[in-house]
Amino acid sequence: MYITADDWGAIRLTLTLASLVTVLLLAIGTPIAWWLATTRSRSKDWICAIVALPLVLPPTVIGFYLLIAMGPHGPIGRITQALGLGVLPFTFSGLVVASVFYSMPFVIQPLQNAFEAIGPRPMEVAASLRASPLDAFFTVAIPLAKPGFVTAAILGFAHTVGEFGVVLMIGGSIPGKTRVLSMQIYEHVESMDYTQAHILAAVMLAFSFIVLLLMYRNGRRDRHDDDHHHSYHNHTPRDHQNGSA
Amino acid sequence: MHRNSVSHSKNNNTIIADIKLGYSGHTGKLGFQLKVNLTLPGHGITGLFGHSGSGKTTLLRCIAGLEHTNTGYLEVNGEVWQDSERRHFIPTHQRALGYVFQEASLFPHLSVQENLHYAIKRCSTSNSDWNTTIDMLGIAELMQRMPARLSGGERQRVAIARALLTKPRLLLMDEPLSALDAARKQEILPYLERLHDELAVPILYVSHQSDEIARLADHVVLMENGHTLASGPLLTLLTRMDLPTALAEDAGAVIETTVTQHDQRYHLMQLDFSGGAIVVPHRDIAIGKKLRLRLHARDVIVELRNTDDATSFDTTHNHNSKHGVSSLQNRIAATIVSMADAAHPAHIMLQLDACGTLLLARITRRACDQLALTPGKHVWALIKSVALLA
């Protein structure tokens with residue numbers, strides 16, 4: 001009973017993909033979450049609904065549309081071709097783009113909740129102390145939303161590690177390129193190699209459990225630490241149990 | 001409308017606020033409207049006084065630039081902060097103001113020292129300003145603590161210090177004591193008085209507590225339903241008969257006195273003002289110190305006075321021998337200026353002039369008829385009790 005080189009490759013690929021997607025999502029998701037938390041615009045509901053779509057749609061549907069969009073005649077495909085990047089489906093880059101869409105609510109929602117919990121007051125205080133809005137965002141909003149960032153990063157990472165349907169549609173199962181852990185398990189099962197499937201499935205199970213345990217501990221310790229002002233931190237993600245992995 | 005086109009005008013010692021703001025009632029409630037046109041002194045403490053919902057806080061937020069106004073013109077000691085006609089609007093973080101919010105607003109992720117550093121990093125505050133401020137608010141001991149480990153009073157003192165460290169040209173205080181219990185209030189009030197005495201910065205102080213306003217303010221703006229009812233010096237405004245303040249249960253005059261004598265034997269202290277002298281129980285306050293007194297209208301009794309007595313201002317000695325025997329100590333010669341209905345139909349409010357100082361007395365209508373009191377009558381104002389505002 002040991003993990004093969006192929007299995008290690010899949011694990012490494014999965015971790016690379018998840019790390020990259022988490023970093024990208026924090027970068028893209030933070031301004032979107034801030035906008036959603038502070039705007040009074042009517043378009044907020046529309047954006048919220050769009051961001052939340054991956055929570056309820058089957059991954060095949062998202063994968064199908066992304067496949068078409070990223071294909072040679074799709075809007076994304078035309079852009080990538082014009083930039084000289086070729087078409088993205090069945091490449092690692094395509095997998096990254098698809099995962100960013102698919103894991104987006106898992107990052108944006110905790111961030112949005114955390115920003116909303118801060119409320120407008122700390123930003124007003126910062127302005128009264130001569131901090132420009134950007135200055136106040138980095139020195140007040142982000143530190144106060146830190147637990148939300150931890151939750152967002154953990155959920156975004158874990159959800160990317162656990163995805164299957166979108167990978168199947170967009171990435172296929174090219175070893176070393178798009179064959180991530182969940183695909184590797186699927187391949188083992190298909191080829192009746194239950195022992196290897198067991199090992200990898202157990203690794204996934206342990207990983208997911210530990211991640212969730214860490215996340216809930218993070219939430220509790222945080223509330224305990226600042227029990228005088230815990231209203232500043234409310235970062236329980238909405239609906240994350242709906243994710244189909 | 002004497003508005004200058006440049007952002008600096010000649011009004012170097014006034015605050016001008018001409019602000020209109022309307023909320024459409026999107027919550028189903030009737031929309032709130034603020035419509036204010038004020039010229040305020042650019043020094044001392046101006047109290048914005050009114051019930052909750054009267055627009056005091058909204059006005060303060062407009063002045064801070066935290067609220068979006070429909071139209072507005074705002075000038076602080078010669079600097080134009082907002083002029084909607086010229087599409088001129090300085091954002092909050094570029095206005096030289098300090099803001100003390102109602103609840104403690106320290107950043108919870110920063111220690112006391114870091115909270116204060118947050119302010120001075122963004123304004124070039126000198127070391128001596130730092131030392132003076134820390135000293136004035138007595139917070140040197142708290143530096144390493146986190147806000148969650150401070151008492152409500154300590155938090156508010158740190159918040160005031162932090163606002164002062166931005167070297168504001170205008171200090172805005174939004175009910176800074178309302179979240180505190182009575183004991184904590186007493187702990188902070190002396191610090192606020194020091195601000196008043198030691199700083200040149202004008203302060204706009206929002207409160208719905210008349211005792212805070214009476215103690216701290218030099219100038220008062222009375223607000224109701226988003227409008228200003230009156231604006232004027234505290235001492236004259238409180239004795240105006242046409243304002244709802246005169247109807248309140250705690251209506252009364254505030255007078256400014258000077259400590260002139262200590263009576264060791266009887267543990268008394270004499271306070272002089274233009275209308276005479278008042279004796280109160282001794283307090284350890286140096287002779288020559290100014291002291292505010294509040295004389296509630298319900299604590300002032302009126303007695304007819306012959307004009308022959310009018311020359312005598314020797315009110316603190318021997319007057320019992322002249323006027324029959326009673327234990328009453330404080331008797332001020334005055335003239336009735338005007339009379340008005342009080343809140344209860346049994347009562348009538350008298351405005352009295354004691355050699356330039358205005359007092360209020362609330363007496364029963366029956367007593368008024370029995371004594372045949374009319375404006376111009378000479379009376380003694382017998383003062384049952386006074387509240388020292390210190």
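Modeller: Happy to. Let's start with a strand pair in chain B: strand S15 (residues 290–296) and S21(B) run antiparallel and are joined by two bridges. Helices (H or I, at least four residues) and strands (E, at least two) are DSSP runs, numbered from the N terminus. Two strands count as paired if DSSP finds at least two bridges between them.

Colleague: Before we go on, what kind of model is this, and how are things numbered?

Modeller: This is a predicted model, where local features need pLDDT of at least 70 and side-chain atom pairs count only at pLDDT 80 or more, while totals for chains, interfaces and linings use all residues. Residues are numbered from 1 along each chain as its sequence is written, with chains lettered from A and ligands numbered from 1 in the order in which they are written.

Colleague: Thanks. Back to that pair: which residue is the bridge partner of B:Arg294 in S21(B)?

Modeller: B:Ala387. The two strands belong to an open sheet of five strands in chain B, ordered S14-S13-S12-S15-S21, with antiparallel pairing. Its edge strands, each pairing on one side only, are strand S14 (276–281) and strand S21 (387–388).

Colleague: And S10(B), is that strand largely enclosed or open?

Modeller: Largely enclosed by the rest of the structure, because five of the six residues of strand S10 (residues 219–224) of chain B are buried. Buried means that 20 or more other C-beta atoms lie within 10 Å of the residue's own; exposed means 12 or fewer, partly exposed is in between, and C-beta atoms are placed from the backbone.

Colleague: What does S10(B) pair with?

Modeller: Strand S3 (residues 45–49) of chain B pairs with S10(B) in the parallel sense over four bridges, and there B:Gly47 has B:Val220 as its bridge partner. Strand S11 (residues 227–233) of chain B runs antiparallel to S10(B), with six bridges joining them. In that pair, B:Leu222 is opposite B:Ala230.

Colleague: How many residues sit between S10(B) and S11(B)?

Modeller: Two, and the strands form a hairpin; B:Asn225 in the turn has a positive phi of about 50°.

Colleague: New topic. What does chain A look like?

Modeller: Chain A has 11 helices and zero strands. Of its 245 residues, 40% are buried. For contacts in chain A with a separation of 6 or more, 75% come from residues 24 or more positions apart. A contact here means that the C-beta atoms of two residues, placed from the backbone, lie within 7 Å.

Colleague: How many residues of chain A are in contact with chain B?

Modeller: 17 residues of chain A, which meet 19 residues of chain B. Helix H6 (121–128) and helix H7 (133–144) of chain A each supply at least two residues of that side of chain A, and the largest share, six residues, comes from H6(A). By class, the chain A side has nine nonpolar, four polar and four charged residues. Ala, Val, Leu, Ile, Met, Phe, Trp, Tyr, Cys and Pro count as nonpolar, Asp, Glu, Lys and Arg as charged, and the others, Gly among them, as polar.

Colleague: Is H6(A) mostly covered or uncovered?

Modeller: Mostly covered, with six of its eight residues buried, including A:Met123 and A:Val125. The buried residues of H6(A) pack against H5 and H7 of chain A, and also against helix H1 (56–64) and strand S7 (97–100) of chain B. Just after H6(A), A:Arg130 has a positive phi of about 75°.

Colleague: Why is A:Phe207 classed as partly exposed?

Modeller: Because A:Phe207 has 17 other C-beta atoms within 10 Å. A:Phe207 lies in helix H11 (residues 194–225) of chain A.

Colleague: Last one: which residues touch the most other members of the largest nonpolar core?

Modeller: B:Leu172, B:Leu352, B:Leu359, B:Ala361 and B:Ala381, in a core of 155 residues. A nonpolar core is a set of buried Ala, Val, Leu, Ile, Met, Phe, Trp, Tyr and Cys residues joined through C-beta atoms within 7 Å. The largest share of this core, 13 residues, comes from helix H5 (residues 92–118) of chain A. Not counting residues up to four places away in sequence, B:Ala381 touches several residues, among them B:Val300, B:Ile332 and B:Leu352.
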